[in-house]
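Please look at the sequence and the structure shown here, and keep them in view while reading the paragraphs that follow.

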Amino acid sequence: MLEVVNLSKAYNVGPLGKEKFYAVDNVSFHVADGEIVSLIGESGSGKTTIGKMILRLIKPTGGKIIFNSVDIQSIKNRKEYYRLVQGIFQDPFSSYNPIFKIDRIFEMIREEFYPAITKEEWSKRVKKVVEDIGLNPSEILGKFPHQLSGGQLQRLLIARALLIDAKFLVADEIISMLDASTRIDVLNTLIKLKEKGLSVLFITHDLSLGYYTSDRTIILYRGSIMEYGDTVKVFKKPLHPYTKMLLESVPTTQKVWSNSYISLHGRNVLPSFCKFYDRCPLGDSTCKNVSFEKFEESHFVACVKVTGEGEHVA
Amino acid sequence: MKKYLRTKILVYVLTFIFAVTIDWLIPRLMPGNPILVLVSRFSGLPESARVMYSYLTKAFGLDQPLWKQYFNFWIAFLKGDLGISIYLYPKPVLDVLKSALPYSLGILLPSILASWFAGNSIGALAARRRRLDSILLPIMYFINGAPYLWLGIILAYYFGVVLRWFPIAGAYSFGLRPHLSWLFVGNFLKHWILPFLSLFIVQLGGWAIGMRNMVIYELESNYSRFLETLGVKNSLIRKYAFRNAILPQITGLALQLGTVIAGQVTTEVVFSYPGIGYILTQAILNQDYFLIQGCFIFIIIGVLIANFTVDLVYVALDPRIRYSYGGEIS
Amino acid sequence: MSEILFFALRNKKLKAGLSIVLFFVLLGLFGPLISKYKDPLEYVGPGYQPPSKDFWLGTTTFGQDVFTQLVYGIRSSFFVGLVGGGLATLIGLSIGFLAGYRGGLLDEMLMMLTNILLVIPTLALLIIIAAYLPYRGVLIQSIIIGFTAWPWTTRAVRAQTLSLKAREYVNLARISGRSTLKIIIYEIVPNMLSYVFMVFILQFGGAILAAVGLDFIGLGPTKGISLGLMMQNAVLWNAIQLGMWWWVIPPGLVITLIVGGLYFMNVGLDEVFNPRLREM
Amino acid sequence: MLEVRNLKLYYRTLRGYVRAVDDVTFQVRDGELLGLAGESGCGKSTLGNGLVLLKPPMNFVGGEVQLDGEKLPIEDYERMRDYRFKKVSIIPQYAMDALNPTRKIGRYIEEILESRGINFESVRETLIERLRLVNLPERVLRMYPIELSGGMKQRMVMVISTLLNPSLLIADEVTSALDVSTQKAVCLMIRNFKELGIVKSIIFITHDISVLYQIADRIMIMYAGKIAEVGKTAQIIQNPLHPYTKMLLTSLPEVGVRYTERMLSGIPGQPPQLLEPPKGCRFKERCPLRDKVCDKDPPLVEIEEDHVAYCWKVKPNA
C-alpha cells in the first residue's frame, strides 16, 4: 500500500547553513494493506518528520514515498491524495480551531470532498460514524472543543478519517497527551478500523503502546532505522543494543529495572558510523557502514555486533 | 553572536543604500521639472540664478542616463557634496548641517540617557507597588499619547511665559557669541533646560510602561518561581527580574529612536533651537530641497550609528545572544 | 464570546478609554453643528480674544474662532486615524501574513525590507515624501502615513502567524484539502481578529500623532484645518509668548486625550483577550 | 517524617473555589519514597507545590502539616521562607527553564546561598560531589544555562534543590517530558538521593504508575482532589482494592500485552468538575459498583497494615 524508499530530510545548519543535519536519513519501509506498523523512536528520532512527509506537510529532500505504486510527489491534485491518506496529530486540543464548534471538522470534509451530498444526508452520516466509534452523538455534536475531553476529541478525528473513507492513516503520537483511563479506548477504536482494512502508521515513543497495537515495528534512532520486523519478534528477541536499552528502560509493573548500563547523552554523529555508536556499550571502530541483516523471517537489524544466534560479539 | 551582528550590519548597510536611493529618487518621481521648481526659488537672487541653473543641471544631470545619474549622485555624496543651501545661500548643505549638529546632539543624547534611566526606574517601581502602579500607569499612558510638541508648548508657556524662569527661544541670547565663559555657559544652559526637559518627558512614558510590563513578566516567569521555592530574599528575585527586564529595554532604545527623532525635530521648532530639526523646518518652509535631503541623510546616519551601538551593548550584556546564534536548524 | 463580553464590561481601563474616545467622536460629529460659526478659517471677530460667551475658546490672532477650528480639527484627526491607521494595519497585515505563512525566500526578502524600514524613522521618511508633494490634502497625508507606518505591524503579525501556523488545526485543514487562501481566511485570520483590532487601535493613535508632527513642521494640508495646523499657526504667530493659552493648549490636549484614551483602551482589551493578564 | 492532616487547598476563580486538594490526610516516613499518582487535574501537583510554595490563586483552606515533629507553616508565605530549600525542596515540572538565563550557574548558586545566609565555600565540596552524582562535569558551573541541554539543566536543578540536604524532596512530574532511557536514569538518581541519605523522604509525583512500581516504597492514588487508596507498592500493584485503582491498572498497556491476547478497556466517563464536586464518593459516576451508599462520604477502610482505601465497597480483609 505505502512504501517509503530512501527517504531523507536534511536541514541546513551551522554558519551560513553550510552543514547538513539529517532529521531523517535514508529511511525505507513499507506498510501493507490492513496492517498497523509502529514507528518507535525517542525525541529527535525523526518519526514525526516522516509522518509529516507522508502527509505532504513537509517536502522530503531525498527519496520517495510511493502510494499504491504512484510516487506521491507526482500526484498534483492533493485532494485526490488526501481522500485516501489521512492523519491524526498529537495534540487533540490544538487540532481543533478553538473558536468553532467541533462539527466543523466534518463540515469541512463535506465542502471539500463531497459537495454533492446534502447537509441533511451528511449529518446522518456524521451521526452514524460518531456512533460507530463508540460515542453518543447527542452528547458530542454541537459542542466546542474545550467542552470535550482529549480522548473524545482524538476519537472524533478518527471518525473524521472514517468519513473521508481513507485507506491509510498516519497516527502521530495520538494518545501521548491523554490520560491513562481514556487512552486505551482510542487505541481500541484504531484497532477496530484496522480489522476493517485500514492501514495505519502508528508513530509513538511509547514501546508498550506499540507492542499492544501493531503488527510490525520499526525502531528509529537519530533519523535512521536500527531494527525492524514482526512486533512480537522484535520485542521478544531485541537484537540491536539500542532496542535492548529501550526495552530495559521501559517501566512496567511486571519487572523492576535492573541496574544496567545507560549512557545519557550522545555526542556527535560521525559520518559512516552507526548513529548509536557513541552511546553503545559495544561501540568501537568496527561500527561502520552498517547495513541491514536478516536475522530471522521478518526480523532485520543494522548492527555489526549481532551474531547469527542473536548474541553480541564484544 | 557573529551571525547576529552580521545580520544586523547587513540590514544597516542595506538601509543606508535604501535611504540614499530614496533621497535620489523622490525628487525625480515627483511631478514637474525639479530644476525649474528649484530655480524659481531663486527669483529673489537674480545674480545667482544663472550660476544655480548650471549647477543644478550638473547636479541632477538630467541629460544623462538614469544609472549614471544615480552613480554620480553616490560619488558626490561620498565626497561630502550634499549640494548648496538655497535659504542660506551660498553655504554648502554639509556646512549648515555640521554647525547645527552639536545643538541637536546636546539635547538628544542627555535626554535619551536621562529618560531611559528615569523611565526604567519608575517602571520597575510601579511593577512592585500596586498603589503607585494604579496612579502612575494612566499618567504614563497619557504622556505617551501626547504629541511631542505639545509637551514643549506647555513647558514653554508655563516656565517661559507664566513664571518667566527660562527663555523660550534660541540656544543663547542674541547679544552673545559662543565662547567659553561662565556668562555664556550659564546663558546656554538656561536656554537648554526647557528643550531638554520636554524631550525627556516625551520618552519617559514609553520606558516606564515597557519596564513595568517586562518586570511583571519576569517576576511571573519560571526562574522567579523556582527562586521562590528556594526561599531566597525578595531582593534577589527582584534583582534578577530587573536585570533580565532591562535587556529588552536596551533593544527598545533602537526602536524608540523614531519617536525621539520626531520629538527632537518638533521640540527644536517650539523653542527655535538651532539644531537639525529647526534647520529642517526652515528648509521646508523655504522649499530648500537640498537642505531637506541633507537633513534626511544626516538623520539616517545618526540612527544607524545609534542602532549599531545599541546592538554592541546588547551583545555584551545578554549571554543568550552570544550562545544561541551558533548554528540553529533553519 | 459571552465570556469575552463579560470581562470587557468589567474592565475599568477599557471602559475609561472608550468613554474618552467616544466623547471626542461625538464632539467631532456634532461640534460643527453646535458651533456658532460654520467656517473654521473665517474671520469672525476681533483677534486676541480670550474665551467668552461669544467665542467659547477665544479667537486667534486674526479673529478666527478657536472652538470651531478645534471641532473641525477633531474631524480631520479621526479621518487621518481611520484612513492612515487603517491603511497601515491593512498593509502590515497582508505582508505579515504572507511572509509568515509562505516562509522561505519570500519571507526573508519581505522581512529584510521591513527591517530596513523599521530602522528609518517614520517622520524622516514622511518628510522627504511630503516635502515634494505640491498639493497636500488630509487624504494624501493619511495615505502617505499609512504607507510608512506598517513595518512594526508586519513584524508582529508575522510572529503571530508563525505561531498560529504551527497549530495542528492548520495542518488538519491542509489534509482536508483546503487551499492556502481558505486556510488563511478561515483558520488563521479569525484567531487573530482580537489581535488585529488591537493593532488597529495603536495604528490609529500613531497616525494621529504622525499627522500632528507633519502639520507642525509645515507639511500639513495645504488647505483646510487640523489640530496640528492650529498648533503650528499658534507657535508661528507667537501665541506662547503672547500668553494665548486658549489657542496653543486645547488642540494638543484633545490629541493627548484621544490618543491616551486609545492606548488605555488597548491595555484594557489586552486584559480582556489575554486571560493571563486578567485581574482576579 | 511528614504528616499531613485534613489539608485543603482551593484555587480561587471568578466562579468560585476549585477544590483541587480536598481534605487529604497522609504521611511520608523517613527513608521513604512515596509515589503520588493520578490523572491530570486530580490535585497531585497542587498538593506537591502547596507544600513548598503556597500563593494565589492557590489558597490554604484548612489542615495541618508537620515535618519532623515541627509544624510547617505552609499557609504563611513569609514564615515558610525559612523552611524552603533547607527543609523542603521541589524539583519543579518546569525544571528545564528554572535557572536564571543570564547568570553563570556557579555564580547563580553562590548568590542563592548568600541570600539564605550560607557561605558558598562551605558547600563547595558537597556541590562538586553532587554534580558527579548526577553525571555533570564541574565546568557547568562556569557556563550559562543556554549552553546546557534540557536534560543537563534538569539535573542541575536536581542538584540545587537537594544541596542543603532538605528533609523532604518533592519531585513534580520530572520524567514526563523525558525519553524512556533518560527517564530511567533520572528516576534512579532521585531514588539515590534518598538512599545516600541526602534527603530523608521523597514525594514523587507522576501520572505513570509503572514508573512508581520501579522506585516507590509506597504509592498513593489520588482522584478528583481526594485520596483513593494508599499502600505499599506491592500492595497497590498486585492487590488494588479501590475500583478506580483497579480499573486504572487494567487499562494500562504494557510491553507484554497485545490486543490479540487481551483487549484492555478504559474507564468510561470523565472526572468530575471540582468547582461543585458531587457529594459522597467522587468516583461514583464512573464506578461499576456504585449504589446509594456511595452518596455519602466514603469511609477509610484499612485492609491490612499500611494499605487503606476510601471506598464503601472495600471490605477489611476481603
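Between domain 1 of chain A and domain 2 of chain A, the count of salt bridges is 2, and this count, like everything else described here, comes from a predicted model. One salt bridge to find in the picture joins the side chains of A:D25 and A:K275, where nitrogen and oxygen lie 3.0 Å apart. Polar contacts also link the two domains of chain A, with 11 residue pairs counted in which both residues have a pLDDT of 80 or more.

Which parts of domain 1 of chain A form the side that touches domain 2 of chain A? At least two residues of that side are supplied by each of β9 (216–221), β10 (224–230) and α9 (231–236) of chain A, and the largest share, 7 residues, comes from β10(A).

In the domain assignment of chain A, domain 1 is made of two stretches, 2–101 and 162–236, while domain 2 covers 241–314. To the contact between them, domain 1 of chain A brings 18 residues and domain 2 of chain A brings 21 residues. Taken over C-alpha atoms, the centres of domain 1 of chain A and domain 2 of chain A are separated by 23 Å. The area buried between these two domains of chain A is about 1,900 Å², and carbon and sulfur atoms give 58% of that area.

Note on methods. Residues numbered from 1 in each chain as written. Chains lettered and ligands numbered in written order. Predicted model: local features only at pLDDT ≥ 70, side-chain atom pairs only at ≥ 80, totals over all residues. Heavy atoms only, no water. Domains from an automatic or database assignment. Contact = heavy atoms within 4.5 Å. Buried area = accessible area lost by both parts, 1.4 Å probe. Salt bridge = Lys/Arg side-chain N within 4 Å of Asp/Glu carboxyl O. Polar contact = N/O pair within 3.5 Å; in protein donor to acceptor, adjacent residues only side chain to side chain. Helix = DSSP H or I, 4+ residues; strand = E, 2+ residues; numbered from the N terminus.
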